[in-house]
Amino acid sequence: MLELLRVLITVVVTSGGNPVPFATVRPVELAAVFVRTDASGTASIDLLGGPRRLLVSRVGFRPETLDVVLGPRDTTLHVELERLEAEMDAILISATRTGRRVQDTPIRVELIDEEEVAEKVAMTPGDIAMMLNETAGLRVQPSNPAVGGATLRIQGLGGRHSLILADGLPLYGGQTGGLGLLQIPPVDLARVEVIKGSAAALYGSSALGGVVNLVSRRPGAEREQTLLLNQTSRNGTDGVYFGATPLGAAWGATLLGGYHRQGAVDLLSDGWTDVPGYRRAVLRPRLTFDDGEGHSAFLTAGYTAEGRRGGTMDNGTVADDDIIEALDTRRTDLGAHLRWRLGGVGSPALSFRGSAMQQDHDQRIDDIRERDEHRTLFAEGTLTVPRERLTFVAGAALEQTQYRNRDVPGFDEKRSTPGVFTQVDADLAAWLALSASARYDDLGDAGGFVNPRLSLLARRTTGAFAGWSLRASAGTGAFAPTARVEATEATGLIFVLPPAGLIAERATTGSIDLNGPIATPLGTLEVHASLFMGQVRSPLMAVDSTTVPFYGFPSLAVVNAIEPTRSGGAELLLRLTRPLGSGESAPLLRATLSYTLLRVTECDPASATTAGGCTRRLAPLTPRDAIGFVATHEREGRSRIGVEAYYTGRQQLHDDPFMTESRPYLIVGLLGERVITTRMGAARLFLNLENLGDVRQSRYAPLLRPSRGAGGRFSTDAWTELAGFTANGGIRFTF
């Protein structure tokens, strides 16, 4: 019988007469089965005979669908792909484990694509803070303005609940800490994948609030090198090198190296640093292997050295003696990801992920010194079994974290967290898909927890609403107790009471998302709308304690609040892409408008442990409204002009001697790029004017407190920009 025969199909993919390597070929009805073309644009796939529909796609090209009837003999198909400037549908998402396309996965995954990454590289080539801060639902919150520390909050949840991965590996540790975002240059990124809401069922307790996966660029068929030089008007300098080279048919290597410096800046001339100074060096080599048959390997190593300085400037008028706030960081990491398919196309696959990270801090606050060590060891094994419309995933993981403080006793931690997990992705029908996952983690003395997550995808493929989809997700998470929260990162642990009786935080989050296209006279408008809510039970917070004063200042105690922290809100994103003419050289207009409404309430620290119930308040440093607008006019390979504007609404402030509520503010910026082609390669000259209105906190109130606060803090919290207007320009040379 025809449908019982297995037929070998060879697909040859070209565009303009040239082969298209790395294109994906997959049967539409088998979501987990796919192959990629080699350097000659050729791929082979073994399927059962009968009628089949094949999808051929690659980023940058319009996908093509082939309807074929497979007969008793092997056959060869030729496919011509049309180049498309902005095609994100073909991207395979790695953050959900099953490697599905972004529009096929029931789990909502947002992408910061390579175009957006390139724009932010021209603005802040030394870190990813701006790129994430300008993404709806994400906020980079300074945790210690004196030295420039920052954490990432996802939909209002605490920064310790956000897990940052590099190529699926926790190379920055299970808890990123206050400076992780500032040590990651984006020059080598291909894209960023964001999962909002608890992803503990996928990645363990560190992903209680969500996951950000930084996906690096892979070597292509030809050698590529990029050199970027940047200078800012605030005395900042960046130099970054990225190289990628093939090492044969299946092997390749990349290398990232960077040096970044910033001079300390005193904008008020009051002797206090508004913009801290730093010097940072980064080195990261990678080695890749992919034979196109389902066998791959990825190896990476990294080293970061950074020194940050703030406090009194040389012309200090704050006190008789200089006040120094400083933090030196050394981080070394090693990671690997191996995948091996146990047979032909559609057969089960084994994968292994492992990493090791050590980060050493040497922190100084005035005459107090704290030195600590963070270590994270991680190992995970996974079996993936594709079965027609189902994909099963099962695995086990072990994460060991260790914290040791050499100068402050009572805070050392060592925790081994074994876990087992399973995931099922099911295409129940052409219009309905499901992803269900569950994970058990043993948090030691904090207990063992089972965290499920369920996601549904319903979509229209025909009719008036073709292309529209509805996603619904809900999940839970648990986070091991710790004294290292955002408030204590700012003060250091010398002013914090040793923790006692803390229990794990528990979270429940959910969201409903609607996505689809609308035809307009200007072109197709993409619409993304979302409603979300969540709560964290027994949340950790730092409260004032006068039980044991240190150096004459009130100490802090970390406690579990008796009532949950609750969050909820909505997001709306509109994106328009319009070619301004015909042909590949026609200019392209991109415009994006986003709006985020967020409300987060929590116990007031003064009543956090009151037996009769707590007094609720709006969570500090959480904007109620945020609006973003970005528009770019681009001529591929020639020039780009962009304008952006970001409005941030009012925020409640806590323990601020000058204000109880922040002012709303608007940040406007302009970016221009010009490409000059030379015999050696392409040179991109860029100029970025950031914060044209010179919005900065020191215009409303000083950063330096009139007297030291709880925990001995010198500075107030940062609720807006600190540097004010900044211009930067440079060259990005690719050869």
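Two strands are taken to pair if DSSP finds at least two bridges between them, and strands themselves are DSSP runs of E of at least two residues, numbered from the N terminus. The views show a predicted model, in which local features need pLDDT of at least 70, side-chain atom pairs count only at pLDDT 80 or more, and totals for chains, interfaces and linings use all residues. Residues are numbered from 1 along each chain as its sequence is written, and side-chain values use heavy atoms, with hydrogens and water left out.

**View A. Strand S19 and its two pairing partners.** Strand S19 (residues 251–262) pairs with strand S20 (residues 277–290) in the antiparallel sense over 12 bridges; here Arg 261 stands opposite Arg 279 of S20. Strand S18 (residues 236–246) is also antiparallel to S19, over 11 bridges, and Thr 245 has Ala 253 of S19 as its bridge partner. S18 and S19 make a hairpin with four residues between them, and Gly 248 in the turn has a positive phi of about 130 degrees. Nine of the 12 residues of S19 are buried, so this strand is largely enclosed by the rest of the structure. Buried denotes under 20% relative accessible area, exposed over 50%, and partly exposed in between (1.4 Å probe, protein chains only).

**View B. An open sheet of four strands.** The strand order is S4-S3-S6-S8, with antiparallel pairing. Its edges are strand S4 (35–36) and strand S8 (64–70), each of which pairs on one side only. Strand S3 (residues 24–27) and strand S6 (residues 50–57) run antiparallel and are joined by four bridges; Pro 27 has Leu 54 of S6 as its bridge partner.

**View C. The disulfide of Cys 603 and Cys 614.** Cys 603 and Cys 614 are joined by a disulfide with an S to S distance of 2.1 Å (a disulfide is a pair of cysteine sulfur atoms within 2.5 Å). Cys 603 lies in strand S35 and Cys 614 in the loop between S35 and strand S36 (616–618), so the link ties together parts that are 11 residues apart in sequence. The link is left-handed, with -80 degrees about the S-S bond. Both Cys 603 and Cys 614 are buried.

**View D. Contribution of strand S35 to a nonpolar surface patch.** Strand S35 (588–603) is one of the strands that supply at least two residues each to the nonpolar patch, and S35 gives the most, with three residues. Leu 597 is located in S35 and counts as partly exposed because its relative accessibility is 38%.
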